Amino acid sequence: MANYSFRRQPDDLENATSYTSIPDQPEAASSIPVGHRRSKKLLAGILFSSVFLLSLILLYVNQQPESQTKVNGTNQGKSSTPKPITPAARTAPPSRGVSQGVSEKTFRLTSGENATYSWTNAMLSWQRTAYHFQPEHNWMNDPNGPLFHKGWYHLFYQYNPDSAVWGTITWGHAVSKDLIHWLYLPFAMVPDHWYDIKGVWTGSATILPDGQIVMLYTGDTYDVVQVQCLAYPANLSDPLLLDWVKYSGNPVLVPPPGIGPKDFRDPTTAWLSPDGDKWRITIGSKLNKTGISLVYETVDFKTYDMLDGYMHAVPGTGMWECVDFYPVSIKEVNGLDTSVNGPSVKHVLKASLDDDKNDYYALGVYDPIENKWIPDDPELDVGIGLRYDYGKFYASKTFYDQNKQRRILWGWIRETDSEDDDILKGWASVQSIPRTVVFDQKTGSNILQWPVSEVEELRSESVEFGNVKLGPGSIFPLKVDTPSQLDIVASFEIDEDAFEGTVEVDADASYSCPTSGGAANRGKLGPFGVIVLGDKTLSEGTPIYFYITKGANGKAETHFCADELRSSLAPDVEKVVYGSKVPVLDGEKYSLRSLVDHSIVESFAQGGRTVITSRVYPTKAVDGAARVYLFNNATKVSVTASVKMWNMGTADIRTFPLNEL
């Protein structure tokens, strides 16, 4: 590889050294934009699948009592009592994705694989979210290439147009003015070339200083090799970016020597090299059980040089998917363009671990001359330390929103019910509410994640409860109009005298949310918090809570947990306890925010230091039967709680009326 004379990168990206541009128009071999290049076989297959699926649905409906309601809530019968759907004999679902070299896309229960539940259509209809992004039908997974262009936010996503299970991965496309209300557009890219015929997989967008947009993505070839491919808009003047062109010279990168054909995927957004005349990307991989990030340098996004060594590697972490790499300011609260570096910057390195399906991140310093990223704390390195989210949150992607100078994080929220139930309701997975990401200047050791402010536009009527005294073992019901769609902000204060006199011998070394037994496990200093999606008798409910441990040395540690153990009476859904420690500094109250949206609950502790996303599938606590409670299940201390809850409206998510343009 050539040797380069490095200098500090320019801060002014608009005046950076020029580079070879990507052509504005498609090359001859790729003259038809991807959006218009719909193969007849694909269309015929979709039509046949749709007709076949419709026939099955009609056959199924005709066999049900007339009073049965349909899953999507149409054709409502007159009966006020929903009839159960008799479950068919269930066998373990097949593995999906692994044979093609990506993470397992089939969710499997840790126990009770063959369990079934007689869901009603009303229950299944209730599970669909009201203000999280999801397609109208079928399967969705990773968010891809988010960006802002000419007044519109764009989200691309892994999508199966044929079914509610993983397969035939295509790039769905939607646009929004505010990140909350979305309009579906035609597919951006479909698997129609030898280099991506088995799937148009995860990718990232880079906006160049002259406004050009580069999209790098992983293609799965006809012989199941992961390669990197280039695409770009056919018409940059189109705010909707309807048509995309795949570069005629694809693939632009293939697995290098020593890297397995199924271990080379998910290119990042590019950043400028120190000289400002080249671009760098990183791609996740592994060597045996060591997760690694490979770095490539390019001038034109068509030809690349692999830099020596690895930007970072962590033994024992396995395959790194969906690597992300970006700067955060340690002095300001705004986001930063991906190319920014300097003494006032930390770099976040994040990897989605194929082995355990969680997103891990670490803060560190990037040396662009040596092309090395060094973690601030080796004990909190990527894959062994902090996580974005301690619940169901994976394959995340950030982008720099130049419109509002902020960095925004998207994440895939998978289902944790059975595949059969997903097929029955006709959809699977949602995207998280987009979150802003900033450096936590108070702790200096973590990032803060917070829902974008635009989600607050959905707030309507609110109810507030101040200074609610909760003695040990107490519970307090909170009356609210729309318990399935809420924005809850709560804070808690502990009786200081009782706190100072309480010691939990050795508890600080042993407590862990996942193994704790949930909110029913009582300690002297916890748990206390809120219960969402509970029924009247609390036979169902999902507690979101704090649990404090304090050892003989007087040191207190706070844990933030979400308990799904009694979230549903159904046996065929996952019910676990999520959570981790959360820093609570001197003078801070214990604070949480929970966004409740039917079957998804996103909870943020201490301003977003620790985040938990839960998927819950209640059988009783649905619609008007759901309840919200404050509780304190500690044995020794009293807690004073204050809470404000807003009813949340429904986002307008529908097909873009292209015929009106």
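Glu588 lies in the loop between strand E30 (577–581) and strand E31 (590–597), and Arg609 in the loop between strand E32 (600–605) and strand E33 (610–615), so the pair ties together parts that are 21 residues apart in sequence. Helices (H or I, at least four residues) and strands (E, at least two) are DSSP runs, numbered from the N terminus. Glu588 is partly exposed, with a relative accessible area of 22%.

The model is predicted, so local features need pLDDT of at least 70 and side-chain atom pairs count only at pLDDT 80 or more, while totals for chains, interfaces and linings use all residues. Residues are numbered from 1 along each chain as its sequence is written, and side-chain values use heavy atoms, with hydrogens and water left out.

The structure holds 30 salt bridges. One of them joins Arg265 and Asp354, at 3.5 Å from N to O. Arg265 comes from the loop between strand E8 (244–246) and strand E9 (271–272), and Asp354 from the loop between strand E15 (345–353) and strand E16 (358–367), so to speak a link between distant parts of the chain, 89 residues apart. Arg265 and Asp354 are both buried, Asp354 with a relative accessible area of 17%. Asp354 also forms a salt bridge with Lys357, and here the closest N and O atoms are 3.4 Å apart. Lys357 is partly exposed, at 22% relative accessible area.

Next come the aromatic rings. Rings of Phe, Tyr and Trp (its six-membered ring) pair if their centres lie within 6.5 Å, and planes under 30 degrees apart count as stacked, over 60 as edge-to-face and the rest as tilted. By this rule the count comes to 35 aromatic pairs. Take Trp139 and Trp412: the ring centres are 5.9 Å apart and the planes stand at 65°, so the pair is edge-to-face. Trp139 lies in strand E1 (residues 138–149) and Trp412 in strand E19 (residues 406–413), so this contact ties together parts that are 273 residues apart in sequence. Trp139 is buried at 5% relative accessible area, and Trp412 is buried at 2%.

Trp279 and Phe301 make a tilted pair, 5.9 Å centre to centre with 40° between the planes. Trp279 belongs to strand E10 (residues 279–287), whereas Phe301 is in the loop between strand E11 (290–298) and strand E12 (304–306), 22 residues apart. Elsewhere, Phe133, Tyr157, Tyr159, Trp182, Tyr184, Phe187 and Trp410 form one aromatic cluster.

Terms used
Buried means under 20% relative accessible area, exposed over 50%, partly exposed in between (1.4 Å probe, protein chains only). A salt bridge is a side-chain nitrogen of Lys or Arg within 4 Å of a carboxyl oxygen of Asp or Glu.
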